[in-house]
Amino acid sequence: MKVGILIDPTTIKAKILIDRLKNHGIFKKKEIFFILPSSYKHTDLDYALRDSKFLKENDLSCEEDINFLKDFDFLITFGWPFIVCEKAVNSLSSIINIHGGKLPDYRGSSVYYHMWAHLEKIGSTTAHILVKSIDEGDIISSKNFNISFWDSPKDILKKSSNAGIDLLIEIIDKENKNIPKKQNTGRYFYPSPIWKLVLYRIVNIIMATLGKKIILPHKLK
């Protein structure tokens, strides 16, 4: 089975992924390739990216990219920071996205900041089918992780990344036998200034001491 994993090697998520997978037995069982942005600049991760492939366009809009990606049995996006165009979504067999939050409750980017602001005790990563609408595809599977009161947003990101890698390995190892399930209406979080997230966290801490907890989403959807 030939698997393509779309990553941006400059991100924390990708660095954790590469560090865990380079010595994992899954590489001996499956044919795995990292697919990188056209804008990628060489870093000290190059030793782990010898069999990587580069895209012409990061939104996969180039016909050459689409034809190249059709050769893979599985395509997985892991922390891919670019929106995949509708043409690619329709042309390629199901692309699986590993999202760093619980769906449909935590749609959007950098949701680990919002989990921190909301005093979540349990986090979750979600594998779902990539569709035109961001983070709204059918859910394949999910994996929970614990969040401590003392965890920083970066700590939550690392825990989320490792849980997402566990999901990714399961999907590749089992060749994605799960039946996707439709999502219900959920919440979408936009990027927010750090000061606002700190304020949200303080408000939630005060409310928690009063036996209540409020969550302040940016947009209900």
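What share of the contacts in the protein chain with a separation of 6 or more comes from residues 24 or more positions apart? The share is 68%. The model behind this value is predicted.

## The chain as a whole

The protein chain has 221 residues, and its radius of gyration is 18 Å. A compact globule with that number of residues would have a radius near 17 Å, so the two values agree. Along the principal axes, the C-alpha atoms fill a box of roughly 55 × 35 × 35 Å. The chain holds 7 helices and 10 strands.

Buried residues make up 47% of the chain. The chain exposes about 11,400 Å². Carbon and sulfur atoms supply 52% of that area.

Charges come next. The chain carries 33 positive and 25 negative charges. Their mean positions lie 7 Å apart.

## Strand S1

Strand S1 covers residues 2–6. How many of its residues are buried? The count is 5 of the 5, so S1 is largely enclosed by the rest of the structure.

In a regular strand, side chains alternate between the two faces of the sheet. In S1, Lys 2, Gly 4 and Leu 6 are on one side. Val 3 and Ile 5 are on the other. All of these residues are buried, and both faces of S1 are covered.

S1 also has strand partners. Strand S2, residues 31–36, is joined to S1 by 5 bridges. Strand S4, residues 74–78, is joined to S1 by 4 bridges. S1 and S2 run parallel, and S1 and S4 run parallel as well. Single residues show the pairing. Val 3 stands opposite Phe 74 in S4.

Pro 9 sits in the loop between S1 and helix H1, which spans residues 12–21. Is Pro 9 buried or exposed? Its relative accessibility is 0%, so Pro 9 counts as buried. Now compare two kinds of distance. Pro 9 and Ile 214 are 205 residues apart in sequence. In space, they are 36 Å apart, C-alpha to C-alpha.

## Backbone details in loops

Which two residues does a cis peptide bond join? They are Leu 103 and Pro 104, and omega is about 5 degrees. Pro 104 is in the loop between strand S5 (95–99) and strand S6 (107–108).

Leu 60 is a residue other than glycine, and its phi is near 65 degrees. Asp 135 is not a glycine either, yet its phi is about 60 degrees. The table sets out where each one lies and how accessible it is.

| Residue | Loop | Relative accessible area |
|---|---|---|
| Leu 60 | between strand S3 (53–54) and helix H3 (63–69) | 1% |
| Asp 135 | between strand S7 (122–129) and strand S8 (139–146) | 8% |

Buried means under 20% relative accessible area. Leu 60, at 1%, is therefore buried. Asp 135, at 8%, is therefore buried.

## Drawing it together

Strand S1 has 5 of its 5 residues buried. Asp 135 is buried, and its loop lies between S7 and S8.

Note on methods
Residues numbered from 1 in each chain as written. Predicted model: local features only at pLDDT ≥ 70, side-chain atom pairs only at ≥ 80, totals over all residues. Heavy atoms only, no water. Buried < 20%, exposed > 50% of the residue type's maximum accessible area, 1.4 Å probe, protein only. Helix = DSSP H or I, 4+ residues; strand = E, 2+ residues; numbered from the N terminus. Pairing = 2+ DSSP bridges. Rg over C-alpha atoms; globule rule 2.2 N^0.38 Å. Contact = heavy atoms within 4.5 Å. Areas by Shrake-Rupley, 256 points an atom, 1.4 Å probe, with all protein chains shown as cover. Lys, Arg positive; Asp, Glu negative; His and termini not counted. Charge placed at Lys NZ, Arg CZ, Asp CG, Glu CD.
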